Amino acid sequence: MKKILLLLTLTALIFACKKEDDKPNTNTTTTNVVEGCMDSLATNYNPEATINDGSCEDPPSALKLFSITIHLMPMTNNGSNWDIGLFGSENPDVFYVLKQGAGDIISSISQDNIESFPIFFTESLPYIITNLSKEYTIELYDNDQIGGVGENELIGSCSFIPNESITNGGDEINITSNGIDMTLEIQWVQ
């Protein structure tokens with residue numbers, strides 16, 4: 001009797017499993033697995049990611065400015081010479097001022113009688129910028145002060161907001177504005 005009951009139980013189980021296998025698949029959705037960074041604040045955020053792969057890259061918290069290279073700037077003051085020296089016309093004596101808003105942050109000494117490019121500045125650098133959402137301006141001046149007498153003439157300026165360059169990455173920020181072409185050598189700091 002035990003053998004018959006065991007045989008009937010096994011037969012019922014086999015047919016029950018068979019019936020499940022014969023049923024058509026009604027599940028029409030498929031799940032695509034996409035690995036990636038799922039943190040929307042990360043620099044490598046992937047909105048299509050369904051599985052976090054641990055590759056989260058936090059945005060930088062600061063920018064270290066190492067040098068400023070001027071590739072091009074106006075060589076005349078609205079068509080006239082910047083300087084009139086002892087021997088006639090002279091080229092500008094260029095220095096920079098880094099500003100945030102209306103406030104001066106750092107500046108350089110002037111490089112005198114600039115005739116050719118590039119002009120390379122490292123004075124007062126490196127400088128660390130900690131507020132990446134603010135606008136910073138680099139102003140170029142012709143140094144016309146001698147012994148504290150005279151006025152400096154604004155050659156031109158370029159502005160940048162560090163946050164707008166984060167996605168570009170790299171170790172340079174290139175700025176072209178107002179007839180000035182400059183490159184900032186930088187490092188993003190975590």
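Biologist: Among contacts between residues at least 6 apart in sequence, what share joins residues at least 24 apart?

Modeller: In this predicted model, that share is 52%. A pair counts as a contact when heavy atoms lie within 4.5 Å.

Biologist: Thanks! Which elements does the chain have, and in what pattern?

Modeller: The chain has one helix and 13 strands.

Biologist: Let's go to the open sheet. What is the order of its strands?

Modeller: The sheet has four strands in the order S7-S6-S10-S11, and their pairing is antiparallel.

Biologist: Why do S7 and S11 stand at the edges?

Modeller: Strand S7 (103-107) and strand S11 (153-160) each have a single partner strand, so one side of each is left without a neighbour in the sheet. From one strand to the next, the twist averages 30°.

Biologist: What makes S6 and S10 a pair?

Modeller: Pairing needs at least two bridges, and seven bridges join strand S6 (residues 94-100) to strand S10 (residues 136-142). Therefore S6 and S10 count as paired, and they run antiparallel. You can find one example at Val94, whose bridge partner in S10 is Asp142.

Biologist: I'm curious about Glu139. Why is it called buried or exposed?

Modeller: Glu139 has its place in strand S10. Buried means under 20% relative accessible area. Glu139 has 13%, so it is called buried.

Biologist: How do you know that Glu139 and Tyr141 make a polar contact?

Modeller: Their side chains are 2.5 Å apart in that contact, and the cut-off is an N or O pair within 3.5 Å, one able to donate a hydrogen and the other to accept it. The pair therefore counts as a polar contact.

Biologist: Leaving out residues up to four places away in sequence, what does Glu139 touch?

Modeller: Glu139 touches Phe95, Tyr96, Val97, Lys99, Leu154, Gly156 and Ser157.

Biologist: Now for strand S3. What makes S3 and S13 a pair?

Modeller: Again at least two bridges are needed, and nine join strand S3 (residues 62-72) to strand S13 (residues 180-189). S3 and S13 therefore count as paired, and they run antiparallel. Leu63 stands opposite Trp188 in S13.

Biologist: How many bridges join S3 to S9, and how many to S8?

Modeller: S3 pairs with strand S9 (residues 127-129) over three bridges, in the antiparallel sense. Three bridges also join S3 to strand S8 (residues 119-121), again antiparallel. For Lys64 the bridge partner in S9 is Ile128, and for Thr69 the partner in S8 is Phe120.

Methods
Residues numbered from 1 in each chain as written. Predicted model: local features only at pLDDT ≥ 70, side-chain atom pairs only at ≥ 80, totals over all residues. Heavy atoms only, no water. Helix = DSSP H or I, 4+ residues; strand = E, 2+ residues; numbered from the N terminus. Axes fitted to C-alpha atoms, helices over the stretch in contact; angles between N-to-C directions. Buried < 20%, exposed > 50% of the residue type's maximum accessible area, 1.4 Å probe, protein only.
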